[in-house]
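Please keep the sequence and the model side by side while you read.

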Amino acid sequence: MAATSGFAAVFAIASLLCLTIAPTRGALQAGFYKGKCNGTDVEATVKSIVAARFAQDRSIVPALLRLHFHDCFVRGCDASILIDGSGTEKTAPPNLSVRGYDLVDQAKAQLESTCPGVVSCADIIAIATRDAVVLGGGTQYTYVVQTGRRDGNISLASDASANLPGASLSATQAIAAFRAKGISASDMVLLLGGHTVGITHCSFILNRLYNYNGSGKPDPDMDPAFVAMLKSRCPQTSAVDNSVFLDNGTPSTVDNSYYKQLLAKRGVLKVDQNLAMDAATNGTVKSLASGSLSFPSLFGNAMVKMGSIQVLTGTQGQIRKSCRVVNK
């Protein structure tokens, strides 16, 4: 997810949980805000804002998925990515094209007007992302968001650059990067399934199309017909860095097409294609592509796990008044 709309995108099969059950992960819990916002339904408020944006712009789905992933992988899910200022996470190269900040601001402002100092920016990101996923894929993608996160006080561009996985990692490297955050290899395959929607840009894949590893030829792990199609979109020299769908099957819908594309050697980012090529992840890719593993339910479980990375709870951190500024 460190590439444009990639990583973007973002699971231990033996520990799968029924989505009708909302187990507590650490100090997070389902319904944390019930009865705490002066009669306002916090999650319904966020949902209405996401739905209004989705009606105008379906790309809010990958935008929020990427925002959530890039937040959680840097200092945990603490909304540190939202903080403005010189040298903050927003200014790191992997985050320069991250979007969705204004939607979070809108939800925060509405909730602050009803119950000031109650709802964290970190929880708004998690709730909004779930709602966007459901809008993009259907009600089968519904999952319970556990809330109770608090907002972090520190945001450093150097942390973002050091922690966000790159678009060309081998499967082994990607597994290690996710494992460092407490995410298993199978969880990782599911989180990268967020690339079922969204885009990257030609600059991230030119080497795969024209000069892979200095060979002067395309990446041999890419379907030749797909290479030809991408070359038409991405000339070797161009003044414009065109966008490219990450899933060229159903690019605007949250579904398991991404995995089918990988098996057909039509993965756009190298890190994605590597999932289908490596023995450690190939079995999960095949099972998700065939439907023998249910992507909708497993993706929801994976998002819950990601949303619990290094969370601040209780008296840790703060509840920011503005998501862009640390309280003084």
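1. A residue is called buried if its relative accessible area is under 20%, exposed if over 50%, and partly exposed in between, with a 1.4 Å probe and protein chains only. By that rule F295, at 2% relative accessibility, counts as buried, and of the 328 residues of the protein chain, 54% fall in the buried class.

2. A word on the source: this is a predicted model, in which local features need pLDDT of at least 70 and side-chain atom pairs count only at pLDDT 80 or more, while totals for chains, interfaces and linings use all residues. Residues are numbered from 1 along each chain as its sequence is written, and side-chain values use heavy atoms, with hydrogens and water left out.

3. For the overall fold, helices (H or I, at least four residues) and strands (E, at least two) are DSSP runs numbered from the N terminus, and the protein chain has 13 helices and 4 strands. Its radius of gyration, taken over C-alpha atoms, is set against a globule rule of 2.2 Å times the number of residues to the power 0.38; the value is 19 Å, close to the 20 Å that the rule gives for 328 residues, so the chain is as compact as a globular protein of that length. Along the principal axes, the C-alpha atoms fill a box of roughly 60 × 45 × 35 Å.

4. How many disulfides does the structure hold? With a disulfide taken as a pair of cysteine sulfur atoms within 2.5 Å, the structure holds 4, and, counting bonded cysteines along the chain, they follow the pattern 1-4, 2-3, 5-8, 6-7. A disulfide is a covalent bond between the sulfur atoms of two cysteines.

5. One of these joins C37 to C115, with 1.9 Å from S to S, and a value of -75° about the S-S bond makes the link of C37 and C115 left-handed. The pair links distant parts of the chain, 78 residues apart, with C37 in the loop between β1 (29-30) and α1 (42-56) and C115 in the loop between α3 (101-114) and α4 (121-137). C37 is buried at 1%, and C115 is buried at 2%.

6. Another disulfide joins C121 to C323, with 2.2 Å from S to S, and the link of C121 and C323 is left-handed, at -100° about the S-S bond. C121 lies in helix α4 and C323 in the segment after α13 (295-306), so the pair ties together parts that are 202 residues apart in sequence. C121 is buried at 0% relative accessibility, and C323 is buried at 1%.

7. C202 and C234 also form a disulfide, their sulfur atoms 2.0 Å apart, and the torsion about their S-S bond is about -70°, so this disulfide is left-handed. C202 sits in the loop between β3 (199-201) and α8 (206-210), and C234 in the loop between α9 (224-233) and β4 (243-245), 32 residues apart.

8. Finally, the aromatic rings: rings of Phe, Tyr and Trp (its six-membered ring) pair if their centres lie within 6.5 Å, and planes under 30 degrees apart count as stacked, over 60 as edge-to-face and the rest as tilted. The whole structure has 8 aromatic pairs, among them F73 and F178, which are edge-to-face at 4.9 Å centre to centre, with 65° between the planes. F73 and F178 are both buried.
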